[in-house]
Amino acid sequence: MKKFSKLLSIAVITVLTSIFICIPVFAGTEFVEWTLSEDGNTLSDGENTYEFYMTNFNYHTERVANTFQYQNRLIIDDTRYEVRSYEKGGHIVLLDDYFNPEKVYVTEQGKKVLDGFINGNNVKYLLWDEYYNAGDFDEDILSALQDDYAHTKESVSINVQELVTWQFHEITKHDELYFFTYTMGGIYKNPSTGKLFYIDYDSLGNQYFDAGGNFSYRKGYVDMLELDSDTTEYIQACLDKAETIQPVYSWEDSGIYYDEEKALSLTPVFYIGIIVLGFVFPLVFLVIGLVFPHVKKFGKPKYWYALSISAGLWIIVAVVFLVLLI
């Protein structure tokens, strides 16, 4: 019996220790190590070489394309930049820091993609119904709108503050990988008349935009182009075909793609497992460790008390783990 109680205590302590061992399970994973040349122009992940790409347009990412977040950051002048791309080993890499502009690095293939994006080659256009719903928009229709906006004498001038109450649909431009997004202009619907109007952002000066490059509704007037019936019908057809776009975000340290539906479906199973293994299972040993010392035939009580203490620690760790999760 003495040997049995010792073995039982050791088993409980071992399982308790394994909880801590499982936490850093990914510690041994090999993550990409980034190196940057002294002049800051060349970036390497050990296999691919990326060159700095100068950008001076108000693009944004993550709206359409998938995003892959690398684990290791890159330190430049005491600033820790996160490194991300559209996939692991992608041809375009972004260095991102909240307080500093993004830095873009590209392989030869990535350079061709961004050159095409800036020059209007191999690009895609989308019309957005809501922030996550979009449909393809014809490039010829957009070109006609831009031309009419620049040359028409029948534009309507309106206070930008009034536009806050109007229904708004963005027209965005994307590279062939759908990684970069650039807002070309907007379609506005008058809530009183139902008529549609177009504003070409590329034709406007900097005073029409805020510090983040977004169209500003703070003050001033802007010219709007009223759309004809054919264009209005086309716009409505595009909106009717709009589909939800759900970009996927993944991390190098897990390799698990975020899927809210799957995550929610596994949540009950996860918590049931914690309750059974963290509370029910050790509770049995806690009770045994407290009861058996008072039964003479089971031997010396100190071994059973050690068992109950181990089980109690097990439950405490489970409580702490649950609190951290919540």
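Me: Which residues is Asn 159 in contact with, leaving aside its neighbours within four places in sequence?

Reply: Contact means heavy atoms within 4.5 Å. On that basis, and leaving aside neighbours within four places in sequence, Asn 159 is in contact with Gly 220 and Tyr 221. The model is a predicted one, in which local features need pLDDT of at least 70 and side-chain atom pairs count only at pLDDT 80 or more, while totals for chains, interfaces and linings use all residues. Residues are numbered from 1 along each chain as its sequence is written, and side-chain values use heavy atoms, with hydrogens and water left out.

Me: Is Asn 159 buried or exposed, and in which strand does it lie?

Reply: Buried means under 20% relative accessible area, exposed over 50%, and partly exposed in between, with a 1.4 Å probe and protein chains only. Asn 159 has a relative accessible area of 18% and is therefore buried. Strands (E, at least two residues) and helices (H or I, at least four) are DSSP runs numbered from the N terminus; Asn 159 belongs to strand S12, residues 156–159.

Me: What lies 2.9 Å from a polar atom of the side chain of Asn 159?

Reply: A polar contact is a pair of N or O atoms within 3.5 Å; within protein, one must be able to donate a hydrogen and the other to accept it, and residues adjacent in sequence count only if both atoms are side-chain atoms. Here the backbone nitrogen of Gln 161 lies 2.9 Å from a polar atom of the Asn 159 side chain.

Me: Which side chain is joined to that of Arg 84 by a polar contact, and is Arg 84 buried or exposed?

Reply: The side chains of Arg 84 and Thr 61 are joined by a polar contact of 3.0 Å. Arg 84 is placed in strand S7, and its relative accessible area of 3% is why it counts as buried. Not counting residues up to four places away in sequence, Arg 84 touches Glu 62, Asp 96, Glu 102 and Tyr 249, among others.

Me: How is strand S15 covered, and with which strands does it pair?

Reply: Two strands pair if DSSP finds at least two bridges between them. S14 and S15 pair in the antiparallel sense over 5 bridges, with Lys 189 having Leu 196 in S15 as its bridge partner. In their hairpin, 6 residues lie between the strands, and Gly 194 takes a positive phi near 80°. S15 is also joined by 2 bridges to strand S16 (residues 221–226), again running antiparallel, and Tyr 198 stands opposite Leu 225 in S16. Both faces of S15 are covered: Leu 196, Tyr 198 and Asp 200 on one side, and Phe 197 and Ile 199 on the other, are all buried.

Me: How far apart are Phe 197 and Val 156 in sequence and in space?

Reply: Phe 197 and Val 156 are 41 residues apart in sequence and 8.9 Å apart in space, C-alpha to C-alpha. Phe 197, placed in S15, has a relative accessible area of 7% and is therefore buried. Its contacts beyond four places in sequence include Val 156, Trp 166 and Met 224.

Me: Where are the residues Asp 77 and Asn 122, and what is the phi of each?

Reply: Asp 77, in the loop between strands S6 (74–76) and S7 (79–85), has a positive phi near 50°. Asn 122 lies in the loop between helix H2 (108–119) and strand S10 (124–130), with a positive phi of about 55° although it is not a glycine. Asp 77 is exposed, with a relative accessible area of 73%, and Asn 122 is exposed at 57%.

Me: What do the totals for the chain show about burial and contacts?

Reply: Buried residues make up 37% of the 326 residues in the chain. Of the contacts with a separation of 6 or more, 60% are between residues 24 or more positions apart. The chain has 6 helices and 18 strands.
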